Number of protein chains: 2
Amino acid sequence: MSTDCLNCPLRSLSIFSEMTAAEVDFMRQFKSGELRVAPGTPILSETSRSPQLFTVLSGMGLRYKTLPDGRRQVINFLMPGDFIGLQGAVAAEMGHSVVASTDMTLCVFQRSEFLSLFQSEPQRAYDVTWLAATEEHFLGEALASIGQRSAIERVAWGLSQIWERANRLKLTEGDTLDFPFRQQDLADTLGLSLVHTNKTLAKLRERELATWTDRKLRIIDLAGLRGLAMAGKGACLAERPLM
Amino acid sequence: MSTDCLNCPLRSLSIFSEMTAAEVDFMRQFKSGELRVAPGTPILSETSRSPQLFTVLSGMGLRYKTLPDGRRQVINFLMPGDFIGLQGAVAAEMGHSVVASTDMTLCVFQRSEFLSLFQSEPQRAYDVTWLAATEEHFLGEALASIGQRSAIERVAWGLSQIWERANRLKLTEGDTLDFPFRQQDLADTLGLSLVHTNKTLAKLRERELATWTDRKLRIIDLAGLRGLAMAGKGACLAERPLM
DNA sequence: CGATCTTTTGACCCTTGTCAAAAGTTGTGG
DNA sequence: CCACAACTTTTGACAAGGGTCAAAAGATCG
């Protein structure tokens, strides 16, 4: 009972660009199956090359790297529509691991068929490149955050970033988002200690910018958050491709 | 008097993958000219979308982002063979600026012809994606460095990183590399203050791991540096495409 | 040979990390 | 349905890594 691309629940979201019937058809054939996993399940590992690529259909997860001594850097929060495994498809190393934080459903693609995409579907190939370049753009932002911003600016940046992504995916309800991560995850994302992240969240609460309790992230003053984070104009991405 | 791709001085380096005659031919036609700039010249700006893409033929530069209040995050040091401007080619925003640190020569490509690459040169399209994915991989490493490592680990990581890139490009002479940047540039790369970067470099000198004076970076104990940085096994990239 | 830029040093202190423990939550099995 | 274990969040006390400020010492360049 795997989802048919024809009825893909993501594709109809307005942030995803339209696909031609031919493209949908290609994706139906490219998609080799569906993967359902429980929270905590590792999906990709930096140590082993996976023969698969995935698109997140539902649920959330984490992309991260670990240093030899165990320190962890979270690269990104995974949300529906995210395409993962590209690094493993083109290079020998994956470079990062992926783990599920909630129940997740993922579309599965075979790496062996990835080349055919370039040979027969130039538009889809372009879209893959678009996604890679956009991810690179995001990582540059993240680098600037961790490298240059103070703790409270980082947390403000992180929360507004998450909010805006989720909002475009219609995962928000009013000013609230179901946010299944732990404070440790955010700390590892922002290069802060758990304790300091906790205290910084308390400050945002006091300032009435945002609250995060009980897996619910509530954004009270988005403009205030973004101002504090000195976020740029926010790349109001009109559309993005969906793989 | 611009360099003919047939005689490209980079292509013969062993790190760059072989190109078929047809590919070289395509590149000759794709290349629309050459740009020569002096140190300090801005090449791309995060505020304006450039209609061009570039490959660094010679010289070094910096890719960086600036926050609204002026803080600067260096994303990467640019070396020969680096392909820049992809973000501007696929997205509306460039996302970062590029400036020359030495005299530089760059191959120029027109964004308008970029699409044709996907339509008629699947292998070259794949190579572009490969480069984007590899850059993403590197930025993940950088994120882990800035987010998780201590000052001395970061500097050790940064220097060994630079060394290995330059070494593969045959830019090193013995244990020495001509390295045209300022300490401020390294500080802005690693998310450290200039003063602390300076003091940390002094520690590496005392420990006899590396020295950097007079624009000369000298690596005394690469294994020691990498150990200190807890670098992974270093993605011994056999080959990479050259655009 | 000044004017300007970069590197180096020292003094001071603030932001953030570490340690420890309490309080609150979640899940499990009897 | 309770009791206990395991995990996560919250607080407080304290320490330190790294930032800021200031100024001297070197470079670089016209």
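Guide: Two residues are in contact if their C-beta atoms, placed from the backbone, lie within 7 Å. This is a predicted model, and the contact rule is applied to its coordinates.

Visitor: How many residues of domain 1 of chain A are in contact with domain 2 of chain A?

Guide: In chain A, the domain assignment gives domain 1 as 5–121 and domain 2 as 143–229. Under the contact rule, 14 residues of domain 1 of chain A are in contact with 11 residues of domain 2 of chain A. On the domain 1 side, β4 (61–66) and β5 (72–78) of chain A are the elements that give two or more residues. The C-alpha centres of the two domains of chain A lie 25 Å apart.

Visitor: What does UniProt place at residues 149–223 of chain A?

Guide: The UniProt record, an unreviewed entry, places the feature "domain: HTH crp-type" there. Over residues 149–223 of chain A, the chain is 55% helix and 17% strand. The end C-alpha atoms of that stretch are 18 Å apart.

Visitor: Now the pairing of chains. How many residues of chain B are in contact with chain A?

Guide: The size of an interface is often given as the accessible area lost when the parts come together. Here a residue count is used instead: 39 residues of chain B are in contact with 39 residues of chain A. On the chain B side, β5 (72–78), α2 (86–90), α3 (114–120) and α4 (122–148) each supply at least two residues. The largest share, 20 residues, comes from α4(B). That side of chain B has 21 nonpolar, 12 polar and 6 charged residues.

Visitor: Which residues are closest to DNA strand D?

Guide: DNA strand D is surrounded by 17 residues, of which the closest are Gln183(A), Ala151(B), Ser193(B), Val195(B) and His196(B). The elements giving two or more residues are α6 (183–190) and α7 (194–206) of chain A, together with α7 (194–206) of chain B. The largest share, 6 residues, comes from α7(A). This surface has 7 nonpolar, 7 polar and 3 charged residues.

Visitor: And which elements give two or more residues to the surface near DNA strand C?

Guide: DNA strand C is surrounded by 16 residues, the closest being Ser150(A), Ala151(A), Val195(A), His196(A) and Gln183(B). The elements in question are α7 of chain A together with α6 (183–190) and α7 of chain B. Here α7(B) gives the largest share, 6 residues. By class, the surface near DNA strand C has 7 nonpolar, 7 polar and 2 charged residues.

Visitor: Which residues of α6(B) are buried?

Guide: An α-helix has 3.6 residues a turn, so residues three or four places apart point the same way. Burial is a neighbour count, with 20 or more other C-beta atoms within 10 Å as the cut-off. The buried residues of α6(B) are Asp185(B), Leu186(B), Ala187(B), Asp188(B), Thr189(B) and Leu190(B). Because 6 of its 8 residues are buried, α6(B) is largely enclosed by the rest of the structure. The cover includes β4 (61–66), β5, α4, α5 (151–168) and α7 of chain B. Just after α6(B), Gly191(B) takes a positive phi of about 70 degrees.

Visitor: Where is Glu208(A) found?

Guide: Glu208(A) is found in the loop between α7 and β11 (210–213) of chain A. Its phi is near 55 degrees, a positive value in a residue other than glycine. Glu208(A) counts as exposed because it has 10 C-beta neighbours inside 10 Å.

Visitor: Is Arg215(A) buried or exposed?

Guide: Arg215(A) is exposed, with 12 other C-beta atoms within 10 Å. Arg215(A) has its place in the loop between β11 and β12 (216–219) of chain A. Its phi is positive, about 65 degrees, although Arg215(A) is not a glycine.

Conventions. Residues are numbered from 1 along each chain as its sequence is written. Chains are lettered from A and ligands numbered from 1 in the order in which they are written. This is a predicted model: local features need pLDDT of at least 70, side-chain atom pairs count only at pLDDT 80 or more; totals for chains, interfaces and linings use all residues. A residue is near a molecule or strand if its C-beta atom, placed from the backbone, lies within 6 Å of it. Helices (H or I, at least four residues) and strands (E, at least two) are DSSP runs, numbered from the N terminus. Ala, Val, Leu, Ile, Met, Phe, Trp, Tyr, Cys and Pro count as nonpolar, Asp, Glu, Lys and Arg as charged, and the others, Gly among them, as polar. Domain bounds come from an automatic or database domain assignment. UniProt positions are given in the numbering used here, feature names are shortened, and annotations may be inferred rather than shown by experiment.
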